Amino acid sequence: MLSRWLKLAGKVIRSNLDRLKSPYKLTYVVTKECHSRCLNCEIWKVKPENELTLGEVELLAKNSPFLSWVDFTGGEPTDRQDFVELVNVFCRNCSDLLFVHFPTNGLKTRRIVQVAGEIVKRSGRRLIITVSIDGPPELNDRLRGIAGDFRQAVETYRRLKTLNGVSVYIGMTLYADNVFSIEETVKAIQAEIPSFGYRDLHINLGHLSDHYYGNHSLKKIQTEALTLAVDNYIKKRGMVITPFELVERMYQKRIKTYLESGLCPQRCAALMASCYLAEDGTVYPCALWNKPLGNIRDSSYSLLELLHSKEANELRAEIICKKCPNCWTPCEAYQTLAANLLRRGQ
């Protein structure tokens, strides 16, 4: 474990000094299968097809021993029947792998808890899980499109908290409809789980994406409203205790800057520290920018062949000049913050 931390620390330091030769983070959409019916995301409308097979994923993992962080996402990741095996393929083949995370809608409690337990048992890695809740019961169920969603998600969170080797949080994505509901959401969860607090809640700024979320028609949040809500959340959360909380606070503090300028507050680390892999093997700079670099099925299941291509270099240059869509989602922001610790300005 210590050696993995030290290796990641070395990669973060190098990302501040020069362009990394290989990314340390991969965001991988394992499936777009999803039984939620969220108003702010249309992934659930996509019929899953042409997903990478387990054998193909193993070839990818064998070619990616440099990964320290894999974010398995969806859809609902646990709806993929071979999800446990898929995660363990990376754990077996990526010796540097430290962070293993996946979000869940929390709808299938028994399945989700079973999957989490099996991953920890078989991989020996600590698992980080985010259960999605987007408001107090009535608002959450309306936004996520499923009656009883809040109750089921809270129960999944409660059950996951009992597992050894699992760190679990509630994730709340802020859109125009729920930006002023953070405090009410915390109180509603506390009514079910008295020990729940603001440190157990992670907030995320909602974004638009045509190649991932399919939600470009959504209305944007007003800067003043979101800034007020985030400032109140920061006060309620209190003093930063852990290094991870420090990165979160840095992310939250820059939300206002992002909203006012429309630009990523710092030099984005996409196509340097991280990249995005779609369920069909297509590689993108991130979840937001619809600029495919190619498909790993055509590159002998090598991320590096695509990331070292002329096209990738050109896109990286555009990212540095902020000619990409510009976002401030934790999926990209955390490694971006880490890559700018020693840099001055943007």
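**Exercise 1.** In this predicted model, determine what covers the buried residues of helix 5.

*Solution.* Begin with the residues themselves: within helix 5, which spans residues 137-144, the buried positions are Leu139, Asn140, Asp141, Leu143 and Arg144. Next, look at the elements that cover them, among which are strand 4 (127-132) and helix 6 (149-160). Finally, follow the chain past the end of the helix, where Gly145 comes after helix 5 with a positive phi, near 75°.

**Exercise 2.** Classify the ring pair formed by Tyr28 and Phe90, and state where in the chain each partner lies.

*Solution.* Tyr28 belongs to strand 1 (residues 25-29) and Phe90 to helix 3 (residues 83-93), so that the pair links parts of the chain 62 residues apart. Both Tyr28 and Phe90 are buried.

**Exercise 3.** Work out why the pair of Phe72 and Phe90 counts as edge-to-face.

*Solution.* The centres of the Phe72 and Phe90 rings lie 5.5 Å apart with the planes at 75°, and the pair is therefore edge-to-face, since planes over 60 degrees apart fall into that class. Phe72 sits in strand 2 (residues 69-73), 18 residues from Phe90 in helix 3, and Phe72, like Phe90, is buried. Ring pairs also join Tyr28, Phe72, Phe83, Phe90 and Phe102 into a cluster, and the structure as a whole holds 13 aromatic pairs.

**Exercise 4.** Find the ring over which the charged end of Lys25 sits.

*Solution.* The ring is that of Trp69, with the charged end of Lys25 placed 4.3 Å from its centre.

Technical notes
Residues numbered from 1 in each chain as written. Predicted model: local features only at pLDDT ≥ 70, side-chain atom pairs only at ≥ 80, totals over all residues. Heavy atoms only, no water. Phe/Tyr/Trp six-rings, centres within 6.5 Å; stacked < 30°, edge-to-face > 60°. Helix = DSSP H or I, 4+ residues; strand = E, 2+ residues; numbered from the N terminus. Buried < 20%, exposed > 50% of the residue type's maximum accessible area, 1.4 Å probe, protein only. Lys NZ or Arg CZ within 6 Å of the ring centre and 35° of its normal. Contact = heavy atoms within 4.5 Å.
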